[in-house]
Amino acid sequence: MHKPEQKVYYPDPCYRDSALIHDYNELYHEFEKDPDAFWRRIASDLLWFKQWDNVKVWNHPYASWFTGAELNITYNCLERHVNNDRRNKVAIFWAGENGRERIFTYYQLYKDVMRMGNALKSLGVRKGDRVCIYLPGIPELVVSMLACARIGAVHTVVFAGYGAKALNERITGAGAKIVITADASVRRGGSIPLKPIVEEALINAPTVERVIILRTQEPKVGLLDEFELDYEELIAQADRYCEPVPVNSEDPLFILYTSGTTGAPKGIVHAAGGYMVGAYYTTKYVLTLRENDVYWCTADPGWITGHTYGIYGPLLVGGTIFLSEYTPDYPDAGIWWKLIEDYGVTIFYTAPTAIRMFMRMGEEWPDKYDLSSLRLLGSVGEPLNPEAFEWFYKHIGKNKCPILDTWWQTETGMHMVTTMVGLPMKPGFAGKPIPGVIATVVNEEGDPIPPGTTGYLAIKEPWPSMMKTVYQNDERYRQYWSFGKYGYYSSNDLAVMDEDGYIMLLGRSDDIIIVAGHNVGTAEIESALVSHSAVAEAAAIGKPDPLKGNIIKAFVILRNGVEPTQKLIHDLKYHVRIMLGPISVPAELDFVDSLPKTRSGKIMRRVLKAKEMGMDPGDISTLDE
Ligand code: WT7
């Protein structure tokens with residue numbers, strides 16, 4: 001078969017010096033020569049209340065980073081700037097629909113975080129307690145997260161698009177004492193009520209003592225005495241100064257849930273010290289966020305991208321964040337480009353699914369606006385296909401901005417594989433492991449394979465922002481570090497490496513579907529469907545889609561006597577939406593009489609998928625008759 005020639009884009013000469021302190025090779029060499037010295041140098045830029053004894057202690061599969069050290073991440077995100085030159089620098093530009101705007105300087109953010117920290121303390125929140133935050137992408141979300149970190153509490157942010165069941169699982173899974181939410185979120189000119197979802201999610205959530213509600217709508221929603229508290233009032237009554245609580249480097253900073261291959265989501269736990277160093281390092285060296293940048297990460301802060309590169313990373317380096325509640329197509333498909341022009345955004349970090357949507361809308365939209373402030377583009381969440389790369393490069397980056405296609409995960413906490421600024425870019429390939437990361441592509445045994453052959457992405461050594469554990473499921477944590485003979489960390493991604501060491505990601509090898517960049521577990525959808533009284537059995541697969549990467553397709557076996565109607569399809573989709581939220585709703589739903597299963601009764605999704613795509617199902621020797 002004739003392989004199309006691989007295109008290579010060489011960075012504009014001006015990016016060679018401005019971007020990195022060292023070249024990629026030099027930096028990688030520094031890391032390889034002495035990994036601990038490398039991380040010590042990076043960590044020393046930050047402020048620690050107590051120095052570490054060891055940079056790292058590695059007892060496979062457990063790593064401890066900056067052992068014995070004490071810190072508070074908010075001291076590094078706030079005081080480190082407020083007490084220096086950045087006191088009055090803009091920390092956050094926030095743009096809301098209908099031209100609403102809010103601006104927070106570092107000093108203003110610092111003050112709000114301290115008041116919220118005190119408010120939480122007044123409600124009895126102590127170091128180590130979990131606080132669930134269910135808010136849209138508004139400044140209060142940033143304030144709430146930092147307020148938890150300020151007092152050593154552990155935040156667990158739940159994306160405000162999740163439904164009641166998904167929210168309940170995360171609240172109870174983390175044993176949250178407090179839930180912080182809003183009456184509604186604004187979206188596409190309307191508002192989506194959040195409070196009813198929270199009310200439903202709190203049924204059978206015994207650990208929750210109080211709910212803090214930000215009331216944005218008029219007339220104000222009523223509050224249940226004692227149990228529900230008004231966000232604004234709480235802050236107004238709180239004391240001004242809130243001490244940053246020193247936490248141990250190994251103490252948890254947050255829990256973030258990600259889809260599991262079984263029904264239950266996994267609570268990924270990140271530890272304070274290592275996460276801080278990883279977020280700081282990659283924001284500085286990979287995103288190259290600098291003093292005069294206006295940086296926009298379009299991910300919702302409720303995802304890991306929003307945590308690391310929407311909030312913590314940029315605040316750690318003292319950058320200016322642009323945050324917005326605008327969806328990309330409302331009021332029209334030019335809105336994001338208008339915002340880039342209006343705010344002079346210099347670094348724009350988004351997702352392939354958004355890029356493909358813009359491609360479809362046509363370049364007349366970006367062409368209406370002045371995008372010359374942009375100097376760097378980024379992508380994350382799923383493979384950036386070459387067509388989308390080229391469109392992004394030409395029509396948004398105007399053939400001069402480098403594109404970072406960053407591969408990483410909720411579990412890794414930070415970038416792992418990308419093409420760092422200054423290196424030649426190959427569309428379709430994420431790139432190479434960044435300095436600090438030892439990643440490669442191997443076979444099932446964990447052994448190296450020749451360039452160009454498909455294998456598994458594996459990470460050989462620990463890195464600072466790797467997850468600490470899976471919350472209350474250490475067994476599940478250990479599985480991550482049990483790949484092949486050598487016990488590598490496996491991400492469950494299929495990959496290919498070329499002769500130059502560039503890695504191309506080919507999608508998940510497990511039962512996770514990436515829909516428009518969001519990670520959805522097949523098991524979660526299936527169990528939601530089966531919980532409907534009409535359904536006997538269900539299977540969900542990802543079906544490739546030019547826009548969303550994948551769409552969810554469900555196959556449903558109905559209970560005896562139930563009629564397969566169009567109305568029932570609608571009901572089942574609605575049922576999934578209410579339970580899990582809109583992201584998990586199957587775009588297509590077929591009624592079937594049977595499902596392909598192994599002899600042991602496992603659904604063979606691979607067979608369904610192959611059939612759906614008109615492909616050879618491969619080895620079906622385990623298929624039951
Ligand atoms: C999975 C992790 C890290 C933030 C976003 C998603 C896929 C992520 C890329 C990329 C190809 C990618 C992988 C990974 N993925 N980035 N640049 N190229 N695939 O975080 O929800 O934890 O999902 O997203 O399959 O394992 P997540």
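What follows is a chat about the sheets, helix pairs and ligand site of a predicted model.

Colleague: Before we start, what should I know about the model and the numbering?
Modeller: The model is predicted, with local features needing pLDDT of at least 70 and side-chain atom pairs counting only at pLDDT 80 or more, while totals for chains, interfaces and linings use all residues. Residues are numbered from 1 along each chain as its sequence is written, and side-chain values use heavy atoms, with hydrogens and water left out.

Colleague: Thanks! Which residues are closest to the ligand?
Modeller: Asp 405, Thr 406, Thr 410, Asp 493 and Arg 508 are the closest of the 18 residues that surround the ligand. A residue counts as near when one of its heavy atoms lies within 4 Å.

Colleague: What about Gly 381, side chain or backbone?
Modeller: Backbone: a polar backbone atom of Gly 381 is 3.1 Å from a nitrogen atom of the ligand.

Colleague: Let's switch to sheets. What is the strand order in the 7-strand one?
Modeller: The order is 5-4-17-16-18-19-20, in an open sheet with mixed pairing. Strands are DSSP runs of E with at least two residues, helices are runs of H or I with at least four, and both are numbered from the N terminus. Two strands pair if DSSP finds at least two bridges between them.

Colleague: Which strands are at the edges?
Modeller: Strand 5 and strand 20 (403-406), each pairing on one side only. From one strand to the next, the twist averages 15°.

Colleague: How many bridges join strand 4 to strand 5?
Modeller: There are 6 between strand 4 (residues 90-96) and strand 5 (residues 100-105), and the two run antiparallel. Val 90 has Thr 105 as its bridge partner, and Gly 96 stands opposite Arg 100. Their hairpin has 3 residues between the strands, and Asn 98 takes a positive phi near 65° there.

Colleague: Nice. And the 4-strand sheet, parallel or antiparallel?
Modeller: Antiparallel, in the order 23-24-26-27, and this sheet is open too. Its edges are strand 23 (439-442) and strand 27 (503-508), and the twist averages 45° from one strand to the next. Inside it, 5 bridges join strand 24 (residues 454-459) to strand 26 (residues 489-497), with Ala 458 opposite Ser 490.

Colleague: On to helices. At what angle do helix 10 and helix 11 pack?
Modeller: Helix 10 (residues 272-285) and helix 11 (residues 304-316) pack at about 85°, with axes 8 Å apart. That makes helix 10 roughly perpendicular to helix 11, a label for angles of 65 to 115 degrees, with under 35 roughly parallel, over 145 roughly antiparallel and the rest oblique. Axes are lines fitted to C-alpha atoms, for helices over the stretch in contact, and angles run from 0 to 180 degrees between N-to-C directions.

Colleague: What classes of residue are in that contact?
Modeller: It has 8 nonpolar, 5 polar and no charged residues. Ala, Val, Leu, Ile, Met, Phe, Trp, Tyr, Cys and Pro count as nonpolar, Asp, Glu, Lys and Arg as charged, and the others, Gly among them, as polar.

Colleague: And how do helix 2 and helix 3 cross?
Modeller: Helix 2 (residues 24-33) and helix 3 (residues 35-43) cross at roughly 120°, and their axes come within 5 Å. Their contact divides into 5 nonpolar, no polar and 4 charged residues.

Definitions and conventions. Polar contact = N/O pair within 3.5 Å; in protein donor to acceptor, adjacent residues only side chain to side chain.
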